[in-house]
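User: Could you walk me through this one with me? I'd like to go through it piece by piece.
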Amino acid sequence: MSQDVIFLTEAASLQIKEMMKHNEEEGAFLRVGVKGGGCSGLSYGMGFDHEKKEDDYSFEQYGIKILVDKESAPILQGTKIDYKQSMMGGGFTIDNPNAIASCGCGSSFRTATEAGTPEEC
């Protein structure tokens with residue numbers, strides 16, 4: 001397993017730092033993971049955490065400390081997280097090279113080895 005499981009773009013890191021500041025979460029970890037659900041079976045989770053667990057992979061990019069749990073790491077390996085601004089507002093985009101199917105909402109996917117638990121969007 002590569003030390004850096006996921007890769008943040010500079011745009012994503014700037015937005016995450018802005019969110020940390022706005023939510024008074026400076027110094028928190030950014031936790032990225034995968035859980036069952038969504039129309040394709042798996043969905044992404046991203047949030048702030050103050051505790052590193054024993055089985056977490058941890059690494060740092062653009063000054064942001066990132067945590068990925070051991071179960072999510074192989075599914076997320078090589079994933080790129082970007083932030084795109086448009087006329088309709090902004091949002092994070094997740095480019096996972098392991099995903100073989102995704103649905104219209106963009107946050108649900110499955111891989112060749114992990115089908116998850118599909119449900120309605």
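Analyst: A word on terms to begin with: contact means heavy atoms within 4.5 Å. This is a predicted model, in which local features need pLDDT of at least 70 and side-chain atom pairs count only at pLDDT 80 or more, while totals for chains, interfaces and linings use all residues. Residues are numbered from 1 along each chain as its sequence is written, and side-chain values use heavy atoms, with hydrogens and water left out.

User: OK, which residues is Asp56 in contact with, leaving aside its neighbours within four places in sequence?
Analyst: With those neighbours set aside, Asp56 is in contact with Arg31, Glu51, Leu67, Val68 and Asp69.

User: And is Asp56 buried or exposed?
Analyst: Asp56 counts as buried, because its relative accessibility is 7%; buried means under 20% relative accessible area, exposed over 50% and partly exposed in between, with a 1.4 Å probe and protein chains only.

User: What does its side chain reach at the backbone of Lys53?
Analyst: The side chain of Asp56 reaches the backbone nitrogen of Lys53 at 2.7 Å.

User: Which strand is Asp56 in, and how is that strand paired?
Analyst: Asp56 belongs to strand S4, residues 56-61, where strands (E, at least two residues) and helices (H or I, at least four) are DSSP runs numbered from the N terminus. S4 runs antiparallel to strand S5, residues 64-69, and six bridges join them; two strands pair if DSSP finds at least two bridges between them. Ser58 stands opposite Leu67 in S5, and the two strands form a hairpin with two residues between them, where Tyr62 in the turn has a positive phi of about 50°.

User: Switching topic: how many salt bridges does the structure hold?
Analyst: The structure holds three salt bridges, each being a side-chain nitrogen of Lys or Arg within 4 Å of a carboxyl oxygen of Asp or Glu. One of them joins Asp49 and Arg31 at 2.7 Å, N to O. Asp49 lies in strand S3 (residues 42-49) and Arg31 in strand S2 (residues 29-36), so the pair ties together parts that are 18 residues apart in sequence.

User: What about Arg31 and Asp56?
Analyst: Arg31 also forms a salt bridge with Asp56, the closest N and O atoms being 2.7 Å apart. That pair links distant parts of the chain, with Arg31 in strand S2 and Asp56 in strand S4, 25 residues apart.

User: And Asp82, which residue does it bridge to?
Analyst: Asp82 forms a salt bridge with Lys84, again with the closest N and O atoms 2.7 Å apart. Salt bridges that share partners join Arg31, Asp49 and Asp56 into one network.

Definitions and conventions: Polar contact = N/O pair within 3.5 Å; in protein donor to acceptor, adjacent residues only side chain to side chain.
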